[in-house]
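Keep the viewer open while you read.

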Amino acid sequence: MDFWPLFIVIGAVLLTVGFIVFLIFRIRKQKVEEPKIKEVQGYIKEGAMAFLKREYKILAIIVVGLAILIGVFLNVQDYRLSGLATAVSFVVGAILSALAGFIGMRTATDANGRTAQAAKNSGMKGALGISFAGGTIMGLVVAALGLLGLSSLILIFYAIYGNISVVITVVTGFGLGAGIIGLFARVGGGIYTKAADVGADLVGKVEKGIPEDDPRNPATIADNVGDNVGDVAGMGADLFESLVVSIIATMSLATIGGMVGFSASVVNLVLFPLLIGAGGLVASIIGSLFVRGNKNPSLRLRIGQYVSAGVSALITLGISLILFNNALPFVAVVLGNVVGLAIGQITEYYTSSSYRHIKYMKRMSGTGHATNVLSGLSTGMLSTALPMLVIGAAIIGSYYLAGMYGIALAAVGMLSTVGLTIGVDAFGAISDNAGGLAEMGGLDKSVRKITDELDAVGNTTAAIGKGFAIGSAALTSLALFITFIASFYTITGVDITEALNLANPILIAGLLIGGMLPFLFSSMTIKSVSKAANDMIKEVRRQFKEKPGIMEGTEKPDYAKCVDISTKAALREMIVPGLLAIFAPIAAGIFMGYVGLAGLLAGALVTGILMGLFQSNAGGAWDNTKKSIEADGEKGTDIHTAAVTGDTVGDPFKDTSGPSLNTLIKLMTIVAVVFIPIFALIANGRGILGLF
């Protein structure tokens with residue numbers, strides 16, 4: 001095997017590390033001068049890091065337990081598969097994903113106060129520069145660690161096994177480790193942030209009539225902490241998984257005969273997605289340099305994304321011609337990139353106040369709470385149509401370009417500039433925090449106007465980021481599904497496709513159960529938010545009642561108590577939904593065999609994508625409807641109260657349940673791929689039902 005392309009990938013990672021260091025110095029050069037901002041920033045940082053530390057302790061137990069399970073039970077029969085090596089890959093994937101979240105969280109909580117200070121000192125240009133630099137660090141760390149981990153493991157395991165097919169099988173554990181952290185980070189962070197947000201909104205805004213980030217609100221620190229654990233650490237872990245899993249799926253298909261629609265060596269096919277990722281790192285750095293200026297931050301961010309996509313396309317074209325002397329793989333990659341941008345624009349159309357759907361929802365809010373909620377539900381449902389058509393077109397187009405391998409390439413293409421994509425998303429959470437700090441620090445209204453403009457842009461970019469994550473999950477999960485079918489045949493000699501017909505009752509049962517799982521998962525996560533928010537609301541009401549001086553400013557709220565409520569609730573409630581994603585496919589494979597498991601994965605893929613798009617876009621639409629009404633100067637009016645209700649309903653939709661679904665379907669599929677040797681032992685893959 002020729003290793004030189006892997007060293008190019010590692011070189012791109014080292015270049016990225018240098019740029020990250022430059023951004024860190026750029027952020028720290030801006031000092032926080034306002035004492036109150038420095039104090040509150042400290043509370044937020046302390047709460048965020050305390051949550052992450054407690055979450056990682058729980059996840060360490062889960063990771064160690066699963067690593068032992070993998071190490072012991074995958075050493076079965078003669079499948080040329082080392083359970084120990086897969087377990088090592090699994091642990092490395094989990095550690096790097098957690099490390100990316102830790103670095104991103106530290107950076108975001110350092111950048112929020114500095115963004116508020118920069119808004120005061122340098123206006124929009126300074127605030128945009130600091131907030132986007134903080135988000136970009138998160139994005140680049142995610143992409144760099146993912147590529148570094150995969151490249152290093154391939155080099156190490158190839159030196160041990162000398163067989164690329166075995167190496168890729170073993171490295172699949174890396175994706176599973178990333179998926180475990182991604183799901184728990186998404187669910188735990190989402191429950192945390194929405195428990196605090198709902199409590200702060202319903203009691204502070206509606207009952208007491210005070211601003212969202214008023215320092216008199218006991219839940220306001222927990223709310224700002226939640227922005228970081230949900231939209232920074234959660235989003236980063238989610239797309240870390242998407243990136244590495246899409247690359248692993250592409251490499252797996254490269255090693256399986258009949259999956260590639262053009263002629264090329266296996267080694268080049270395996271290395272191609274890694275090189276695309278390296279090119280995406282460079283493109284993300286170049287694109288980030290274009291995000292600057294005093295006006296129209298939304299346009300600046302969009303320019304950065306388009307520049308990044310264009311540079312990535314040019315690099316990919318060069319790689320495709322060098323490795324294959326063929327442009328078809330390049331076209332498949334670009335198709336995925338275009339689909340990602342298209343889904344972003346579609347999401348913006350349904351969730352931005354600049355377009356007709358939010359204007360319609362504002363009108364509906366004028367007649368009460370029910371009409372606001374109904375208009376949000378209808379907008380969310382409508383928003384699923386165009387993305388599904390676009391994803392369907394991408395699947396067909398990429399298949400005709402490069403076979404099943406082409407579908408996986410489209411997923412890699414969509415995620416190639418994930419460094420910038422996450423940066424644009426995380427920028428929103430930092431800007432939101434900066435606005436809260438400006439409010440709590442008593443800065444001039446002109447400062448809050450700047451942070452509010454950035455926050456409004458951040459709300460749209462967050463919605464776009466969630467739509468992007470769900471779209472990429474669809475292509476990634478499909479590529480993994482194909483990998484599952486092909487790998488099963490490679491290991492057992494059983495052609496699953498012969499049994500996958502709608503006359504098979506086991507397949508139908510699997511489809512129905514799989515289609516149900518995203519609804520069950522959503523029910524669990526939304527109920528968890530409701531329970532946690534109920535505790536938060538009671539606590540905030542108690543403090544206002546027992547400390548009447550809070551409203552007059554003579555008594556200080558107990559912020560720590562609210563932070564503790566969100567932390568405990570998130571860590572308690574994330575366990576069951578997370579374990580559902582791990583053990584549902586294992587149970588299906590053991591009891592219903594490969595047919596029932598294939599049905600389960602297919603059913604979950606379809607309803608998971610639809611539910612994810614619906615909930616994320618409905619929540620984003622409700623949020624921006626409320627903010628648009630506030631921008632019109634109608635805070636405290638009946639129309640605003642109705643919009644707050646809709647936003648409160650939408651909060652767990654867009655920040656907990658919806659985004660978690662894309663992680664659910666990816667994790668379920670990669671669990672199925674990793675545990676194929678176990679399923680194959682029971683009635684040659686037909687499961688316990690196959691014994692009768």
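How do the residues of the lining of the largest pocket divide into nonpolar, polar and charged? They split into 15 nonpolar, 16 polar and 15 charged. Here, Ala, Val, Leu, Ile, Met, Phe, Trp, Tyr, Cys and Pro count as nonpolar, Asp, Glu, Lys and Arg as charged, and the others, Gly among them, as polar.

Before you dig in: this is a predicted model, where local features need pLDDT of at least 70 and side-chain atom pairs count only at pLDDT 80 or more, while totals for chains, interfaces and linings use all residues. Residues are numbered from 1 along each chain as its sequence is written, and side-chain values use heavy atoms, with hydrogens and water left out.

**The largest pocket**

- The largest pocket has a volume of about 1000 Å³. A pocket is an open set of points on a 1 Å grid over the protein atoms alone, with protein on both sides within 12 Å along at least five of seven lines, and lining residues have an atom within 4 Å of a point. Grid points are joined across faces, edges and corners, and the volume is the space filled by probe spheres set on the points.
- The lining of this pocket has 46 residues, and the closest to its centre are D452, D455, A456, V457 and K627.
- The top contributor to the pocket lining is α13, with eleven residues.

- The structure holds two cavities of 30 Å³ or more. A cavity is a set of grid points where a 1.4 Å probe fits but cannot get out.
- The largest cavity has a volume of about 300 Å³. Its lining has 28 residues, with D231, D432, N459, D623 and K654 lying nearest its centre.
- At least two lining residues each come from α4 (164-207), α5 (220-254), α12, α13, α17 and α18 (638-674), and α13 has the largest share, with six.
- Sort the lining of the largest cavity by class and you get three nonpolar, six polar and 19 charged residues.
- The second largest cavity has a volume of about 40 Å³, and Q305, T421, V424, T461, I464 and G465 line it.
- In the second largest cavity, the lining has two nonpolar, four polar and no charged residues. Again α13 supplies the largest share, this time three residues.

**On the surface**

- Look for a nonpolar patch made by I286, L289, F290, L299 and I303, with about 380 Å² of accessible area together. Patches are built from residues with over 30% relative accessible area and no salt bridge, with nonpolar side chains (Val, Leu, Ile, Met, Phe, Trp, Tyr) joined within 5 Å. The areas come from the Shrake-Rupley method with a 1.4 Å probe.
- With a relative accessible area of 32%, I286 is partly exposed; buried means under 20%, exposed over 50%, and partly exposed in between (1.4 Å probe, protein chains only).
- In the loop between α7 and α8 sits N325, which has a positive phi of about 55° although it is not a glycine. N325 is exposed, at 68% relative accessible area.

**Salt bridges**

- A search of the whole structure finds 24 salt bridges. Each is a side-chain nitrogen of Lys or Arg within 4 Å of a carboxyl oxygen of Asp or Glu.
- K120 and E34 meet in one of them (2.4 Å, N to O). The two are 86 residues apart, with K120 in helix α3 (residues 83-161) and E34 in the loop between α1 (4-29) and α2 (35-73). K120 is partly exposed at 44%, while E34 is buried at 18%.
- D647 pairs with K626, their closest N and O atoms being 2.9 Å apart. D647 lies in helix α18 and K626 in helix α17, so the pair ties together parts 21 residues apart in sequence. D647 is buried, at 1% relative accessible area, and K626 is buried at 1% too.
- D655 and K654 form a salt bridge as well (2.6 Å, N to O), and both are buried.
- Salt bridges that share partners join K194, D623, K626, K627, D647, D651, K654 and D655 into one network.

Definitions and conventions:
Helix = DSSP H or I, 4+ residues; strand = E, 2+ residues; numbered from the N terminus. Patch = residues over 30% accessible without salt bridge, like charges linked within 9 Å, V, L, I, M, F, W, Y side chains within 5 Å.
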